[in-house]
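Thanks for making time this morning.

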Amino acid sequence: MKAIVYNQFGSIDVLQLIDQLKPTVKAGQVLIKVKAFSINPMDWKIRKGNMKLMSGSKFPKHTGADFAGIVEQVGIGVSNLKKGDEVFGVVKNFMKEGVSAEYVAVTAALVWKKPEHISFAKAAAIPIVGTAAVTALKKMGNITSKTKVLVNGATGGFGMFLLQLLKERDAIVTAVASTRGIEFAKRWGANTVMDYTKENVLTQKTTYDIVIDLSGKMSYRNAKSILKAKGKFLNAIPTPLEIPISFLNNLFTSKKHIVILASPSSKQTEVLLNSIHKGVEIEVNKVFPFAQYKEAYQYAEKGGYVGKVVVEVH
Ligand SMILES: NC(=O)c1ccc[n+]([C@@H]2O[C@H](COP(=O)([O-])OP(=O)(O)OC[C@H]3O[C@@H](n4cnc5c(N)ncnc54)[C@H](OP(=O)(O)O)[C@@H]3O)[C@@H](O)[C@H]2O)c1
């Protein structure tokens with residue numbers, strides 16, 4: 001089978017399409033014929049060696065964490081899935097495993113039946129950003145129709161789910177996006193939308209109960225100036241140092257710095273599927289064929305699009 005691998009950290013140039021043996025299925029796993037996988041910023045952060053502490057430096061490495069496909073074979077002990085099921089899912093250890101191949105063997109506990117009404121490409125776009133949005137929502141605590149939330153970087157994959165989940169909970173949402181994201185942010189439920197290419201959210205006079213940054217461009221120090229006295233800053237892109245620092249900070253100040261480290265689970269996926277059945281949209285901006293995987297990564301890494309980028313394998 002064909003698989004995308006890399007043997008050293010680096011730019012898109014280190015990615016190679018190679019022939020390798022189909023994986024064998026262990027107990028508790030299923031073999032998936034991959035129809036599509038999505039691209040996440042974490043893919044290139046790992047590939048560039050920015051996350052060595054967690055990814056390790058053992059090669060070859062595969063890339064891609066979430067996928068959709070068809071169950072080809074089930075391992076011993078798997079009772080919830082059968083051959084032929086149309087599914088989507090995520091690898092257990094996304095720092096070390098990857099789904100960028102024609103077939104992958106993955107833990108059955110992180111594979112779910114695909115809703116019939118959505119395509120493989122859309123289903124592949126759900127797990128990483130969708131479950132991160134559910135995690136963020138949980139960290140926000142009790143949300144009412146009076147809770148004012150600012151989502152900075154609101155129309156990437158993560159923001160797409162978060163805006164819609166916040167809308168379901170009636171929060172008062174301000175979305176910060178680039179010009180191309182404005183209409184999407186409104187459609188996904190933002191009450192106010194700011195174009196970061198024209199306005200600076202930090203110099204407005206509005207304060208928020210919760211500020212979440214999904215762009216990597218806003219620090220806790222910046223966010224404090226627009227937080228209410230007992231507000232929370234949610235940091236989805238923490239540096240390793242920010243994890244202990246935020247813990248210490250929270251002992252001494254009422255404006256909390258909360259780090260998000262999402263780990264997909266069935267419980268979170270259930271919340272998402274429920275919302276997807278009620279109409280939550282999944283915007284796939286572009287689908288690339290497998291052979292054009294380098295173009296797909298180039299496009300995704302450059303940014304400047306709304307929603308998700310997906311690679312179609314079969
Ligand atoms: N901690 C966790 O567990 C976890 C889980 C999943 C993802 N993440 C991280 O969360 C981040 C968001 O994920 P994603 O998949 O949504 O990424 P994404 O698709 O790249 O979205 C980032 C968004 O930020 C916007 N942006 C860029 N510069 C900005 C600025 N100066 N001000 C405001 N917005 C700006 C971009 O808009 P334009 O492209 O239109 O400029 C884009 O829509 C990524 O860094 C990802 O690695 C963390």
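Let me begin inside the protein, at the largest cavity, where helix 1 contributes the most to the lining, with three residues. Please keep in mind throughout that this is a predicted model. The search of the whole structure finds one cavity of 30 Å³ or more, and the largest cavity holds about 90 Å³ of space. Its lining is made up of 13 residues, and the closest to the centre are Ile46, His62, Thr63, Phe94 and Glu97. Sorted by class, the lining has six nonpolar, three polar and four charged residues.

From the cavity I turn to a pair of helices. The axes of helix 5, residues 157-168, and helix 9, residues 266-278, come within 11 Å and cross at roughly 80°, which means that helix 5 is roughly perpendicular to helix 9. Where they meet, helix 5 brings Phe161, Leu165 and Glu168, while helix 9 brings Leu272, Ser275 and Ile276. Taken together, the residues of this contact are four nonpolar, one polar and one charged.

Finally, a word on annotation. An unreviewed UniProt entry lists residues 10-311 as "domain: Enoyl reductase (ER)".

How values were computed
Residues numbered from 1 in each chain as written. Predicted model: local features only at pLDDT ≥ 70, side-chain atom pairs only at ≥ 80, totals over all residues. Heavy atoms only, no water. Axes fitted to C-alpha atoms, helices over the stretch in contact; angles between N-to-C directions. Helix = DSSP H or I, 4+ residues; strand = E, 2+ residues; numbered from the N terminus. Parallel < 35°, antiparallel > 145°, perpendicular 65-115°, else oblique. Contact = heavy atoms within 4.5 Å. Nonpolar A, V, L, I, M, F, W, Y, C, P; charged D, E, K, R; others polar. UniProt positions renumbered as here; feature names shortened; annotations may be inferred. 1 Å grid on protein atoms, 1.4 Å probe; cavity = no way out; pocket = protein on both sides within 12 Å on 5 of 7 lines; lining within 4 Å. Points joined across faces, edges and corners; volume = space filled by probe spheres on them.
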